[in-house]
Amino acid sequence: MHDARDTEGLTVGQAGARVGVTVRALHHWDEIGLARPSLRTAAGYRLYTPADLERLHRIVVHRELGLGLDRIRAVLDDPAMDVPGALRAQRTQVAERIERLQRLGAALDRMIDAHQRGVLLTVEEQAAVFGPGWDPEGPVKARQLYGDTPQWQQFAERSAARGPEDWQAVTDTMTDLDRALAEAMDADVAPGSSAANALVERHRHVFAAYFPLTRQMQVCLGRTYETDPGFAAHYDGIRTGLATWFRRIVDASARAHGIDPDTATWE
């Protein structure tokens, strides 16, 4: 270590500010022998020379490229190191990282779009999947009502990953459930029976394609199916009275699980 009585250099804090790293990092690099200041004042303070700063700049560049400190030491100090080869390998890793980040960026764009629109299908795709009676503005209206709820966030996360085929599978599953509900009502399946309770559980499982549905939330949804004109028209269009029958089997199942349907809340 040279004496700095006649030579100027930069302190640890000044050197860190110059190359954009913390004092703590410089102390660590000094301790492991990766980048040691060449000068020391009479008072014992360490100082970095221009050559030291050049080495620090090179370390920062290699670190930004993703090299570990041991690898950086080899690149800088090992005469046998194939530096171009090491840099080419690192370039390949950087390219792979960029590709991963681009995919992540695209996924985030879809997630943002899903939070705004709900369903990421064109109007034509929505009509093909959900039927000609589908209102493409429905998800947008739902966001205006429920956009600040956890359930909308969960719905958006699922929607972001779905294309037309995925939504078609969801729609087909819901259609099969509606058909099973209608057939059970036709067969006079009694609320509270094992067959009715199995349908209630099936509904919770199928509905999870949108967001997880607790039993209390299912009770609230059953009320909505019966009282909301749009939902009631859908279910009564399948079978007259189906919306009311569905609400009854949900309520009976809830009571069996210790839930009072009259006081159930959305939780």
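This briefing describes helix packing and nonpolar cores in a predicted model. Local features need pLDDT of at least 70 and side-chain atom pairs count only at pLDDT 80 or more, whereas totals for chains, interfaces and linings use all residues. Residues are numbered from 1 along each chain as its sequence is written, and side-chain values use heavy atoms, with hydrogens and water left out. Helices are DSSP runs (H or I, at least four residues) numbered from the N terminus.

**Nonpolar cores**

- A nonpolar core is a set of buried Ala, Val, Leu, Ile, Met, Phe, Trp, Tyr and Cys residues joined through side-chain atoms within 4.5 Å; buried means under 20% relative accessible area (1.4 Å probe, protein chains only).
- The largest nonpolar core has 38 residues, of which Trp167, Leu181, Tyr210, Trp245 and Ile249 touch the most other members.
- At least two residues of this core come from each of α8 (150–160), α9 (164–186), α10 (194–207), α11 and α13 (242–256), and α9 gives the most, with nine residues.
- Ile249 is in contact (heavy atoms within 4.5 Å) with Leu181, Pro191, Ala196, Leu199 and Val200, not counting residues up to four places away in sequence.
- A second, separate core of 22 residues includes Val12, Leu26, Leu34 and Met81.

**Helix α9**

- The 23 residues of α9 should span 33 Å at 1.5 Å a residue, and the end C-alpha atoms are 33 Å apart, which agrees; the expected span is 1.5 Å times one less than the number of residues.
- Among the buried residues of α9 are Trp167, Met174, Asp178 and Leu181.
- The buried residues of α9 pack against α6 (123–130), α8, α10, α12 and α13.
- Asp188, which follows α9, has a positive phi near 55 degrees.

**Helix α13**

- α13 has 15 residues and reaches 21 Å from its first C-alpha to its last, close to the 21 Å expected at 1.5 Å a residue.
- Its buried residues include Trp245, Phe246, Ile249 and Asp251, and the buried residues of α13 pack against α9, α10, α11 and α12.

**Crossing of α11 and α12**

- The axes (lines fitted to C-alpha atoms over the stretch in contact, with angles from 0 to 180 degrees between N-to-C directions) of α11 (residues 215–227) and α12 (residues 229–238) come within 5 Å and cross at roughly 80 degrees.
- That makes α11 roughly perpendicular to α12, a term for angles of 65 to 115 degrees.
- Thr224, Tyr225, Glu226 and Thr227 in α11 meet Pro229, Phe231, Ala232 and Tyr235 in α12.

Technical notes:
Angles under 35 degrees count as roughly parallel, over 145 as roughly antiparallel, 65 to 115 as roughly perpendicular and the rest as oblique. Buried means under 20% relative accessible area, exposed over 50%, partly exposed in between (1.4 Å probe, protein chains only).
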